[in-house]
Amino acid sequence: MTIIVTEISKHGIVMLGDSAISTTHGIKTDSNLRKAYFSKKLGLGIGMWGNAAVPIEHGHQRIDEWLQEYI
């Protein structure tokens, strides 16, 4: 399960997510895993969960890895 918490107040917006993923071997935590991203250029916050990939030139890439490179 993924949890993403968003708070909006007069001071701004805060988004945070946990750093665990489910694999076929159980649950894995890693401080490098991210589920919440922010693009300052776009003024956009993105939260994600689940197993998703985007097509790339030679196969597929996990969407969290792709977002990290893109943003």
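Select Arg34 to begin; this residue of the predicted model sits in the loop that joins strand E4 (26-29) to E5. Arg34 is partly exposed, because its relative accessibility of 36% falls between the limits of 20% and 50%. Now display the residues around Arg34: leaving aside neighbours within four places in sequence, Arg34 is in contact with Asp64 and Gln68. Arg34 and Glu65 are 31 residues apart along the chain, and their C-alpha atoms are separated by 8.9 Å.

**The whole chain**

Zoom out and colour the chain by secondary structure. The protein contains one helix and eight strands, and the order along the sequence is β-β-β-β-β-β-β-β-α. Taken along the principal axes, the C-alpha atoms fill a box of roughly 40 × 30 × 15 Å. Of the 71 residues in the protein, 15% are buried.

Next, colour by pLDDT. The average for the protein is 79, and 97% of the residues score at least 70. Where is confidence lowest, and where is it highest? The lowest mean, 72, belongs to strand E3 (residues 20-23), whereas strand E8 (residues 59-62) has the highest, at 86.

Select Ser39, which lies in strand E5. Ser39 is buried because its relative accessibility of 7% is under 20%. Beyond its neighbours within four places in sequence, Ser39 is in contact with Leu44 and Ile71.

Move along to Lys40, in the loop between strand E5 (36-39) and strand E6 (44-47). Is Lys40 buried or exposed? Lys40 has a relative accessible area of 73% and is therefore exposed, the threshold being over 50%. Keep Ile71 on screen: Lys40 and Ile71 are 31 residues apart in sequence, with 8.7 Å between their C-alpha atoms.

**Strand E1**

Select Glu7, found in strand E1 (residues 4-9). With a relative accessible area of 48%, Glu7 is partly exposed. Gly12, Ile13 and Val14 are the residues in contact with Glu7 once neighbours within four places in sequence are set aside. A C-alpha distance drawn from Glu7 to Leu44 gives 14 Å, for two residues that are 37 apart in sequence.

Select Val54 in strand E7 (residues 53-56). Val54 is buried, at a relative accessible area of 15%. Not counting residues up to four places away in sequence, Val54 touches Gly59, His60, Gln61, Ile63 and Trp66.

From Val54, step to Gln61, which is one of the residues it touches. Gln61 is found in strand E8 and is buried, with 13% relative accessibility. What does the side chain of Gln61 make a polar contact with? The partner is the side chain of Glu69, at 3.1 Å. With residues up to four places away in sequence left out, Gln61 touches Ala52, Ala53, Val54, Ile56, Trp66 and Glu69.

**The largest pocket**

The largest pocket holds about 460 Å³ of space. Both E3 and helix H1 (63-70) supply at least two residues of its lining, and E3 gives the largest share, three residues. Colour the lining by residue class to finish: nine of its residues are nonpolar, four are polar and four are charged. When inspecting this region, recall that E3 is also the element where confidence is lowest, at a mean of 72.

Notes:
Residues are numbered from 1 along each chain as its sequence is written. This is a predicted model: local features need pLDDT of at least 70, side-chain atom pairs count only at pLDDT 80 or more; totals for chains, interfaces and linings use all residues. Side-chain values use heavy atoms; hydrogens and water are left out. Helices (H or I, at least four residues) and strands (E, at least two) are DSSP runs, numbered from the N terminus. Buried means under 20% relative accessible area, exposed over 50%, partly exposed in between (1.4 Å probe, protein chains only). pLDDT is the predictor's confidence in each residue, from 0 to 100. A polar contact is a pair of N or O atoms within 3.5 Å; within protein, one must be able to donate a hydrogen and the other to accept it, and residues adjacent in sequence count only if both atoms are side-chain atoms. Contact means heavy atoms within 4.5 Å. On a 1 Å grid over the protein atoms alone, a cavity is a set of points where a 1.4 Å probe fits but cannot get out, and a pocket is an open set with protein on both sides within 12 Å along at least five of seven lines; lining residues have an atom within 4 Å of a point. Grid points are joined across faces, edges and corners, and a volume is the space filled by probe spheres set on the points. Ala, Val, Leu, Ile, Met, Phe, Trp, Tyr, Cys and Pro count as nonpolar, Asp, Glu, Lys and Arg as charged, and the others, Gly among them, as polar.
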